[in-house]
Amino acid sequence: PGVPNFLRGIFSSIQHQFKGKVFPVREIDLLVEEGTITNYLQQTLKKFNEVKIGSYPTFEGNQVRVKIVLEHEEDGYLDLVEEFLTAKVQRYIWKQ
């Protein structure tokens, strides 16, 4: 049908933008408002200035959750970052 073919055509024109090295990531799901953990994220970036940190809040009913995504090219470095940040936010970790 038309839509999938149309999308394939569009994607083929931008496909080159998606090539490159894929970095490992770690995710930490928290049951807390984003503002509460800002200081911990800043401490983490100060200690591990090569890591990329994404913070993605979600709202479900009366629950506010934040997914923290850590990204770096080396697994070992990422393990250290995850361990450091997890120790800071342990009480907020959302156990599904």
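1. How many salt bridges does the count come to? The count comes to 6 salt bridges, where a salt bridge is a side-chain nitrogen of Lys or Arg within 4 Å of a carboxyl oxygen of Asp or Glu. Side chains of opposite charge can pair when their charged atoms come close.

2. A word on the ground rules. This is a predicted model, in which local features need pLDDT of at least 70 and side-chain atom pairs count only at pLDDT 80 or more, while totals for chains, interfaces and linings use all residues. Residues are numbered from 1 along each chain as its sequence is written, and side-chain values use heavy atoms, with hydrogens and water left out.

3. R26 pairs with D75 in a salt bridge whose closest N and O atoms are 3.3 Å apart. R26 belongs to strand β1 and D75 to helix α3, so this pair ties together parts that are 49 residues apart in sequence. Helices (H or I, at least four residues) and strands (E, at least two) are DSSP runs, numbered from the N terminus. With 17% relative accessibility R26 counts as buried, whereas D75, at 42%, counts as partly exposed. Buried means under 20% relative accessible area, exposed over 50%, and partly exposed in between (1.4 Å probe, protein chains only).

4. R26 also meets D79 in a salt bridge, at 2.6 Å from N to O. Here R26 in strand β1 and D79 in helix α3 are 53 residues apart in sequence, so the pair again ties together separate parts. D79 is partly exposed, with a relative accessible area of 37%.

5. R65 has two contacts to look at. In a salt bridge with E60, the closest N and O atoms of the two residues are 2.7 Å apart. R65 counts as buried at 13% relative accessibility, and E60 is partly exposed at 44%.

6. E27 stands opposite V69 in β3.

7. Now the aromatic rings. A search of the whole structure finds 2 aromatic pairs. F48 and Y77 form an edge-to-face pair, 5.7 Å centre to centre with 85 degrees between the planes. F48 lies in the loop between α2 (34-47) and β2 (52-60) and Y77 in helix α3 (residues 75-89), so the pair ties together parts 29 residues apart in sequence. F48 and F84 also form an edge-to-face pair, 5.6 Å centre to centre with 65 degrees between the planes. This pair links F48 in that loop with F84 in helix α3, 36 residues apart. Both F48 and F84 are buried, and Y77 is buried as well. Ring pairs link F48, Y77 and F84 into a cluster. For the cut-offs, rings of Phe, Tyr and Trp (its six-membered ring) pair if their centres lie within 6.5 Å; planes under 30 degrees apart count as stacked, over 60 as edge-to-face and the rest as tilted.

8. L45 is in helix α2 and is partly exposed at 37% relative accessible area. L45 and V81 are 36 residues apart in sequence and 9.0 Å apart in space, C-alpha to C-alpha. E73, in the loop between β3 and α3, is 33 residues from Y40 in sequence and 22 Å from Y40 in space, C-alpha to C-alpha.

Notes. Two strands pair if DSSP finds at least two bridges between them.
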